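Subject: Structure handover and findings

Dear colleague,

I am passing on the structure below, followed by notes on what was found in it. Please read the notes alongside the coordinates.

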Amino acid sequence: MVMKKLVTALLVFGQTTDAFSISTMAPSISNNSMQLFSSNNGVSQPEPESFREAEVLGLRLMQEGQIEDALEVFQKGLRLPGSRKDIIRTQTLSGPSPVGGSAGGREGKVVQTLDEFEFQAAHYNIACAYGRLDRVVESCKSLENAFDFGFDNYATVRADPDLSLIHGTMEFDNLMERYDSKKGIFGLFK
């Protein structure tokens, strides 16, 4: 399932590629000019510089069974630059504008922020890591965050082997009932 997530992560970001490219691309994405951080098992891992690098590295760590390291990387990914460009304007001079107008000088800075799909992916991956660690409450809270950002592939949530340890728990069942209740004709009416 983790490789499927890796493929999905790469395809979500607009890259159509074959399996050979994915296996050769994932290591290169995570090794390009990144700092190193020491993982929980004492092995140095590349420090991701963007959300995408964090996601790919986290998925690779999940696949290798380094769940706590993957969780840490996924959480760091929420604080890294994403794919959405935004401009932050700050006032640099007080008083009237030097060229006319009502405000002083302003400075614009282009920043990269996470879009709603990146938030969905990050919270879902965090939920999967918590699920593999059998931390039910944290996993369900992360799933709820993913749902709040618009993730609605409930069939995947119910079938994902990374979440198998939380399936059937009271917390999971209550969460799924709140977001994916199957009441009414064909699930159309809730």
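How many helices and strands does the secondary structure of the protein chain come to? The protein chain has eight helices and four strands, where helices (H or I, at least four residues) and strands (E, at least two) are DSSP runs, numbered from the N terminus. Along the sequence these elements follow the pattern α-α-β-β-α-α-β-β-α-α-α-α.

Before the details, two points on provenance. This is a predicted model, in which local features need pLDDT of at least 70 and side-chain atom pairs count only at pLDDT 80 or more, while totals for chains, interfaces and linings use all residues. Residues are numbered from 1 along each chain as its sequence is written, and side-chain values use heavy atoms, with hydrogens and water left out.

**Overall picture**

Of the 190 residues of the protein chain, 41% count as buried; buried means under 20% relative accessible area, exposed over 50%, and partly exposed in between, with a 1.4 Å probe and protein chains only. Among the contacts in the protein chain with a separation of 6 or more, 55% are accounted for by residues 24 or more positions apart, a contact being heavy atoms within 4.5 Å. A search of the whole structure for disulfides (a pair of cysteine sulfur atoms within 2.5 Å) finds zero. As for individual cysteines, Cys-128 is buried, because its relative accessible area is 0%, and Cys-140 also counts as buried, because its relative accessibility is 7%.

**H3 and H4**

Helix H3 (residues 51-63) packs with helix H4 (residues 67-77) at an angle of about 165°, and their axes are 8 Å apart; axes here are lines fitted to C-alpha atoms, for helices over the stretch in contact, and angles run from 0 to 180 degrees between N-to-C directions. H3 and H4 are therefore roughly antiparallel to each other, given that angles under 35 degrees count as roughly parallel, over 145 as roughly antiparallel, 65 to 115 as roughly perpendicular and the rest as oblique. By class, the contact of H3 with H4 has 10 nonpolar, two polar and two charged residues, where Ala, Val, Leu, Ile, Met, Phe, Trp, Tyr, Cys and Pro count as nonpolar, Asp, Glu, Lys and Arg as charged, and the others, Gly among them, as polar. Val-56, which is found in helix H3, is buried because its relative accessible area is 2%, and Val-56 and Phe-74, 18 residues apart in sequence, are 9.3 Å apart in space, C-alpha to C-alpha.

**H4 and H5**

H4 also packs with H5, at an angle of about 155° and with the axes 9 Å apart, so H4 and H5 are roughly antiparallel to each other. The crossing of H4 and H5 is left-handed. This contact is made by Ile-67, Leu-71, Phe-74 and Gln-75 of H4 and by Asn-125, Ile-126, Ala-129, Tyr-130 and Arg-132 of H5, and these residues divide into six nonpolar, two polar and one charged. Asn-125 has its place in helix H5 (residues 116-132) and is buried, because its relative accessible area is 6%. The C-alpha atoms of Asn-125 and Gln-75 are separated by 9.3 Å, although these residues lie 50 residues apart along the chain.

**H6 and H8**

The axes of helix H6 (residues 136-148) and helix H8 (residues 170-179) come within 9 Å and cross at roughly 15°, so H6 and H8 are roughly parallel to each other. H6 passes H8 in a right-handed crossing. Among the residues that make the contact are Val-137, Cys-140 and Phe-147 of H6 and Phe-172, Leu-175 and Tyr-179 of H8; by class, the contact of H6 with H8 has nine nonpolar, no polar and four charged residues.

**A backbone point to check**

Most residues other than glycine have a negative phi. Asp-134, in the loop between H5 and H6, has a positive phi of about 60° although it is not a glycine. Asp-134 counts as partly exposed, because its relative accessibility is 45%.

Best regards

Technical notes
Left-handed = near helix turned anticlockwise from the far one by under 90°.
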